[in-house]
Structures are given as structure tokens and as C-alpha cells.
Amino acid sequence: MLAANLTQVRANIARAAERAGRRPEEITLVAVSKTKPLEMIKIAYDLGVRDFGENRVQEALSKFAEFHPQDLRWHMIGHLQSNKANKVVGAFACVHSVDSLHLAQTLSRYAQKQELHLSILLEVNVAEESSKSGMTLAEAPELARQIAALPQLQLDGLMTVAPLVDDPEKVRPVFRALRQLRDRLRNEVPQGSWQHLSMGMTDDYWIAIEEGSTIVRVGRAIFGERVYTKEQP
Ligand SMILES: *Cc1c(COP(=O)(O)O)cnc(C)c1O
């Protein structure tokens, strides 16, 4: 089942890229393995997946401790509290969910201590939903300027989680707004590489790709529905 799902997702990514006049290799598939057992991660790895997304530090670290091939990259995609920032540096290849100056400063401090560079994305709450974390579109330029100046952080782009809607076409403007912000920041904050737009999930990744996504974060379409046995933060 996992193999068939993955084949389908990859085909959809390739088709969406083609529609947008882009090459499928421009798009990284992050398989979101939160709540899923390590056995499934290993199967996906054997099927060629090298990027995995997790949203809880503790869960990710226990998986990481048991399974850490050299070429596997863990992506932190969930809200991150500053008091867990020390655990993230060195374990994750990229933090997609940097939503405050304080968090960025803390990550920078630990990255300096460990003499490591950390790739980060700024999470933008484009639709300004109160249930979601992330900076607003309006706040992003000033925060980007401040965060870009912090040592040992590589500001590589932007991330968003689109609102839940019945028709995925409705989120297209959200993705477009994030891309436009990225284009603007490329000029205004040249210290960032701005190479990544992390947008698109199970319900809308093909639309995100049409709008310029370079990283899609797909969970359910690969691993199946999630069953939560414990309370989520
Ligand atoms: C859970 C999660 C995903 C994956 O969601 P699916 O709908 O299962 O594809 C992507 N991004 C973030 C930030 C998530 O928390």
C-alpha cells in the first residue's frame, strides 16, 4: 500500500510540475511520518524517500536514535518552543517552523555552540488563522531582516500551512501570496537564499506546485490516515 501510495504521489508531483513548466526534480517530497511507526519510515526509505517530516521533537528524536542513515534528512515542521531548540540543532536538517525572532535567536545561539549551520524557513500564517502559528505577511519582511543577521542560520525560504477548505482551489491565493512574498524578500533581504517555498500537503500539494512550491510535505497520502492515541500539543 505504501509503495503504491508513494508511486501515486510522485506521479502527481511530476504531472503538476509539468503543467507549471517546471522539472519534477525541482520539488522535494518530505514524507510526513508523525505518529507513524519506524517500520513505515524504513519502508519509505527503501523506496527512495530521503526526507522525513516530524512535528514533535521528542517523537522525532526517538525515531532518529533508532534509525539514522547518513543520507536521511529530518525536517522539523511543527511549532517549536524555544526551550526545545537545543535538541533540534544537530538533529534536523531544516526547521520549517521558525515563527519568531526569539526562536531564531535561540536556534542561532545553539548552532554557534555546536559550530553547525542550520537551514531554516520562516513560517507565515498567510490567512491569519488564530488556530495556527506563524508570522503575518506584514510582519515577515522586518523579521526576515533581523533573522537574516543571526549567525549560523541559513535563511532558505518560507513555509505555510494552508487553511482547511472543501475545495483545494480555494487555497491557491494563499500559495500565490507566499510566493510573492518570497520574490519581494529576495530583493529586500539578499542575505537569505530564498530558494525554498515549503507549501502543499495531502489535500493541496499539486496546487502548491503549480504556484511554485519547492518542498511539499505529504503525510496521509503516503502513510494513510493518522490515529492519535495520545493528546497532541
Ligand atoms: C501533518 C502536517 C503535514 C502533513 O499533512 P497531511 O495532510 O497528512 O499531508 C504537513 N505540514 C505540517 C506542518 C503538518 O503538521
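This is a predicted model: local features need pLDDT of at least 70, side-chain atom pairs count only at pLDDT 80 or more; totals for chains, interfaces and linings use all residues.
Close-up 1. The side chain of Thr202 has an N or O atom 2.5 Å from an oxygen atom of the ligand, and for the side chain of Arg226 the corresponding distance to a ligand oxygen atom is 2.7 Å. Of the 390 Å² of accessible area that the ligand has on its own, the protein covers 91%, with areas taken from the Shrake-Rupley method with a 1.4 Å probe.

**Close-up 2. The shell of residues around the ligand.** The residues around the ligand, meaning those with a heavy atom within 4 Å of it, include Val32, Lys34, Ile77, Met159 and Arg217. This shell divides into six nonpolar, two polar and four charged residues, where Gly is counted among the polar ones and Lys and Arg among the charged ones.

**Close-up 3. Leu155 in its strand.** Leu155 lies in strand E6, which spans residues 153–159, a strand being a DSSP run of at least two residues. Leu155 is buried because its relative accessible area is 4%, and buried means under 20%. The C-alpha atoms of Leu155 and Leu72 are separated by 21 Å, and these residues are 83 apart along the chain.

**Notes on the views.** Residues are numbered from 1 along each chain as its sequence is written, and side-chain values use heavy atoms, without hydrogens and water. Local features need pLDDT of at least 70 and side-chain atom pairs count only at pLDDT 80 or more, whereas totals for chains, interfaces and linings use all residues.

Conventions:
A polar contact is a pair of N or O atoms within 3.5 Å; within protein, one must be able to donate a hydrogen and the other to accept it, and residues adjacent in sequence count only if both atoms are side-chain atoms. Helices (H or I, at least four residues) and strands (E, at least two) are DSSP runs, numbered from the N terminus. Buried means under 20% relative accessible area, exposed over 50%, partly exposed in between (1.4 Å probe, protein chains only).
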